[in-house]
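Hi,

Here is the structure I promised to pass on. Have a look at it first, then read my notes below.

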Amino acid sequence: MAIPMLRAAMISHSQSQPLIHSLSAIDETAKRRKRVVLSSSSSSPSELNPLIRSEVSFCVGTCLIPHPKKVSTGGEDAFFVSNYNGGVIAVADGVSGWAEEDVDPSLFPRELLANASNFVEDEEVNYDPQILIRKAHAVTSSTGSATVIVAMLEKNGTLRIANVGDCGLRLIRNGHVVFSTSPQEHYFDCPFQLSSERVGQTYLDAAVCNVKLMEGDIIVMGSDGLFDNVFDHEIVQTIVRYKDVAETAKSLANLASSHALDSNFDSPYSLEARSRGFKPPLWKKILGKKLTGGKLDDITVIVGQVVSS
């Protein structure tokens with residue numbers, strides 16, 4: 001996420017706590033109990049929960065494509081998928097501005113979601129994604145900040161969502177987007193963000209909602225790298241084209257990557273920039289062209305289909 005930090009000049013470098021570079025610190029029991037994913041390739045679709053009649057759960061496919069300049073490090077997005085109850089899915093997007101302070105922007109989102117994965121079954125969380133964010137954030141020691149979205153599906157079909165920033169979620173039913181989250185931002189390209197610093201947001205700032213799902217519904221969750229580059233109607237068209245959730249996730253990520261690299265594509269990001277008064281570079285003005293193009297970024301996509309026995 002190539003966005004500014006909140007008051008970056010106030011960052012302290014005096015933290016002595018060790019930074020967690022990956023999810024390798026999670027014990028093997030936790031790995032067996034929860035399926036945690038932090039990778040740069042799509043996963044095979046997997047039924048996240050054995051079903052009994054009248055209950056629902058997610059069948060999930062995932063894909064992460066790093067920013068072209070960050071392929072070697074895997075990018076700064078993180079995500080996880082858990083099989084607890086009807087299923088839990090989450091995406092966090094690290095704020096790349098921390099690199100200017102010699103801080104690895106990927107560490108904070110990775111540790112945040114590693115902690116969240118460990119608290120999924122916590123009694124205090126009680127299947128409340130806002131509380132899950134609170135507990136995960138409280139024990140995250142890495143310096144940095146990130147946007148985050150968490151969705152927890154109950155077996156009765158209730159999807160509980162908590163979102164801080166501009167990661168997003170779409171609910172597609174019968175070929176139509178019937179629900180979408182809205183980004184939270186301080187100003188254009190500076191979303192709300194959980195942070196290691198006091199200037200950031202907290203779980204109390206999360207946008208929280210509950211949505212009732214039906215068998216056959218499709219959930220698309222992603223970082224802003226998806227929604228800045230792909231329109232909702234393109235998401236629907238892609239979902240209709242594929243039956244396999246892993247192939248759907250991969251196709252959506254590839255579409256977002258293609259649009260991001262296309263300087264002539266009139267993307268959701270460029271449309272929003274123009275609506276906020278941003279102007280094209282001088283060479284485009286001379287040629288009489290408007291501000292267009294996708295936004296290069298890490299791209300994370302999670303596609304979940306609601307299934308029942």
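The protein's secondary structure comes to 8 helices and 14 strands. Helices here are DSSP runs of H or I with at least four residues, strands are runs of E with at least two, and both are numbered from the N terminus. Keep in mind that this is a predicted model: local features need pLDDT of at least 70, side-chain atom pairs count only at pLDDT 80 or more, and totals for chains, interfaces and linings use all residues. Residues are numbered from 1 along each chain as its sequence is written, and side-chain values use heavy atoms, with hydrogens and water left out.

First, the overall picture. Of the 309 residues in the protein, 56% are buried. Buried means under 20% relative accessible area, exposed means over 50%, and partly exposed is in between (1.4 Å probe, protein chains only). Looking at contacts (heavy atoms within 4.5 Å), residues 24 or more positions apart account for 72% of those with a separation of 6 or more.

Next, helix α2 (107-119). This one is mostly covered, with 12 of its 13 residues buried. Among them are Leu107, Phe108, Leu112, Leu113 and Phe119, but also Arg110 and Glu111. What do the buried residues of α2 pack against? Their partners are the strands β3 (77-82), β4 (88-94), β5 (145-153) and β11 (194-195), plus helix α3. The length of α2 works out too: at 1.5 Å a residue its 13 residues should span 18 Å, and the end C-alpha atoms are 19 Å apart, which agrees. (The expected span is 1.5 Å times one less than the number of residues.)

Now the charged pairs. The structure holds 14 salt bridges, each being a side-chain nitrogen of Lys or Arg within 4 Å of a carboxyl oxygen of Asp or Glu. Here are some to look up:

- Lys70 and Glu76 meet through their side chains at 3.1 Å, N to O. Lys70 is buried at a relative accessible area of 17%, and Glu76 is buried at 8%.
- Glu124 pairs with Arg134, with the closest N and O atoms 2.5 Å apart. Glu124 sits in the loop between α2 and α3 (129-138), while Arg134 is in helix α3, 10 residues apart. Glu124 is partly exposed at 45% relative accessibility, and so is Arg134 at 26%.
- Arg274 and Asp266 meet at 2.8 Å, N to O. Arg274 counts as partly exposed at 26%, and Asp266 does at 22%.
- Asp189, Asp224, Asp228, Lys295 and Asp297 are linked in a network of salt bridges.

You'll find Gln201 in the loop between β11 and β12 (207-212), and at 10% relative accessibility it counts as buried. Its side chain makes a polar contact with the side chain of His186 (3.1 Å). A polar contact is a pair of N or O atoms within 3.5 Å; within protein, one must be able to donate a hydrogen and the other to accept it, and residues adjacent in sequence count only if both atoms are side-chain atoms.

Last, the largest pocket. Its volume is about 430 Å³, and 24 residues line it, with Asp166, Pro183, Phe227, Asp228 and Glu272 nearest its centre. Which element gives the most to the lining? That is α7, with 4 residues. β7 (168-173), β10 (190-191), α4 (224-227) and α7 (268-275) each supply at least two. A pocket, on a 1 Å grid over the protein atoms alone, is an open set of points where a 1.4 Å probe fits, with protein on both sides within 12 Å along at least five of seven lines; lining residues have an atom within 4 Å of a point. Grid points are joined across faces, edges and corners, and the volume is the space filled by probe spheres set on them.

Cheers
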